[in-house]
Amino acid sequence: MNVAVPKETAAGERRVALVPEVVERLVQSGLQVTVEAGAGEGAHHADAAYEEAGAAIGDGFSGDVVVKVAPPTAEEIGRLGDGSVLIGHLQPLTAAETVRALADRGVTSFAMEAIPRISRAQSMDALSSQATVSGYRAALIAAQELPRFFPMLTTAAGTVRPAKVLVLGAGVAGLQAIATARRLGAIVQAFDVRSAVKEQIESLGARFLELDMGLEDAEAAGGYARPLTDEEQQRQRELLAEEIGNMDAVISTAAVPGRRAPLLVTAQAVRNMSLGSVIVDLAAETGGNCELTEPGETVVKEGVTIAGPLNLPASMPDHASSLYARNIQSLLGVMVNENAELALDFEDEVIAGACITRDGQIVHEGARDAAGVTA
Ligand code: NAD
């Protein structure tokens, strides 16, 4: 089986789907790998390093299986061979046009976002590996933008109090933001609507912010949060607005899969913050957790710096690519037989769950709903 790696074409995308270290392991297991010239450049891997690892430099769309990072463009879908397999981020719940084009092209596609979050598939979980990068970077952006120290300092010129940081949403990105802000010495509080995360927040040395929302627990299927009702959201925003006023920095990461990000930080909450404070809104990509966020921009509003970074994993391409490549390697492991041939077992929970299009049809339920296709 030949695995092909194209050079990513999306603006600002510096990651690559396979790194030489992983290519070497795949080749040792009997697979052939073809890498497009320059594919690893953004993540600091030269073509020569891929060749040394056993890959050929050539057409990134020629393989039985094409592995990508960003969703394919229409042009890229056109380059996929009939009956080929594509693995990558496909945004199955929101990018209906891409999904329809893949089905029309006869591509068997697998979305990294749709891999079931079960123990057996943890090593394939790209949502987690990339969210780890985002959370880390978000805390660094907050520290960088804040005109104050994160840690407490005792100096000859006086004592500096530590920064107060609030992390909203304690999924994978939020927990990493908490850990990073703690390592920098900030006093961290965090809030999530899933009460299961209280312990995890506390184990990182942060405090769980108790909001009197009259909410038992908003955990839904698969460990994700359920959307809150309008009244619950309103109450949450009001309670948060008060708390946010006491913070130096807010890092917001709250998300509900396939939906617009919940609005948690109102313009009033921003006004409650002291001048110079910072908000880093990781949910900018899906509409933002803060009312004043401008996706892709860092703006100053009401005297508060509000950063709405997009695609943070691409801003740390080396490790983001290494982790992603290991996720891909692990997924390929369940797709090939002992002779290193493609052998897709659609009875397998992981294969079936991640499959978006097959035999000209959209087979993933969520993607079908998003594309308006009735079963
Ligand atoms: P996510 O990116 O979908 O959401 C981020 C966080 O925002 C979540 O913790 C969510 O509860 C929270 N949130 C949603 N609405 C909110 C609101 N109104 N206010 C405050 N917070 C809000 O989440 P994720 O990081 O992808 O993780 C989702 C779940 O998947 C977690 O339970 C996580 O433990 C689980 N998970 C499982 C595995 C596995 O078993 N393989 C791996 C990783 C994560």
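## Threonine 98 and the basis of the model

Threonine 98 is located in helix α4, which covers residues 96–104. Helices (H or I, at least four residues) and strands (E, at least two) are DSSP runs, numbered from the N terminus. With a relative accessibility of 16%, threonine 98 counts as buried; the term buried denotes under 20% relative accessible area, exposed over 50%, and partly exposed the range in between (1.4 Å probe, protein chains only). When neighbours within four places in sequence are left aside, threonine 98 is in contact with Pro72 and Ile77, a contact being heavy atoms within 4.5 Å.

The structure is a predicted model, in which local features need pLDDT of at least 70 and side-chain atom pairs count only at pLDDT 80 or more, while totals for chains, interfaces and linings use all residues. Residues are numbered from 1 along each chain as its sequence is written, and side-chain values use heavy atoms, with hydrogens and water left out.

## Overall fold and dimensions

The secondary structure of the chain amounts to 12 helices and 17 strands. The chain has a radius of gyration of 22 Å, close to the 21 Å given by the globule rule for 375 residues, so it is as compact as a globular protein of that length. The radius is taken over C-alpha atoms, and the rule is 2.2 Å times the number of residues to the power 0.38. Along the principal axes, the C-alpha atoms fill a box of roughly 65 × 50 × 35 Å.

Of the 375 residues, 51% count as buried. Among contacts between residues at least 6 apart in sequence, 65% join residues at least 24 apart.

## Surface and charge

The chain exposes about 16400 Å², of which carbon and sulfur atoms supply 48%. These areas come from the Shrake-Rupley method with a 1.4 Å probe; for residues, only the protein chains shown count as cover.

There are 29 positive and 50 negative side chains in the chain, and the centres of the two sets lie 6 Å apart. Lys and Arg count as positive and Asp and Glu as negative, whereas His and the chain ends are not counted. Each charge is placed at NZ of Lys, CZ of Arg, CG of Asp or CD of Glu.

## Aromatic pairs

A search of the whole structure finds 2 aromatic pairs. In one of them, the rings of phenylalanine 110 and phenylalanine 346 have centres 6.4 Å apart and planes at 15°, so the pair is stacked. Rings of Phe, Tyr and Trp (its six-membered ring) pair if their centres lie within 6.5 Å; planes under 30 degrees apart count as stacked, over 60 as edge-to-face and the rest as tilted.

Because phenylalanine 110 lies in strand β6 (residues 108–111) and phenylalanine 346 in the loop between α10 (317–333) and α11 (349–354), the pair ties together parts that are 236 residues apart in sequence. Phenylalanine 110 is buried at a relative accessible area of 1%, whereas phenylalanine 346 is partly exposed at 23%.

Valine 300 belongs to strand β14 (residues 298–301) and is exposed, with a relative accessible area of 62%. Its C-alpha atom is separated by 9.0 Å from that of valine 278, 22 residues away along the chain.

Asparagine 311 has phi near 45°, a positive value in a residue other than glycine. Asparagine 311 sits in the loop between β15 (304–307) and α10 and is partly exposed, with a relative accessible area of 23%. Alanine 340, in the loop between α10 and α11, has a positive phi near 60°. Alanine 340 is buried, with a relative accessible area of 7%.
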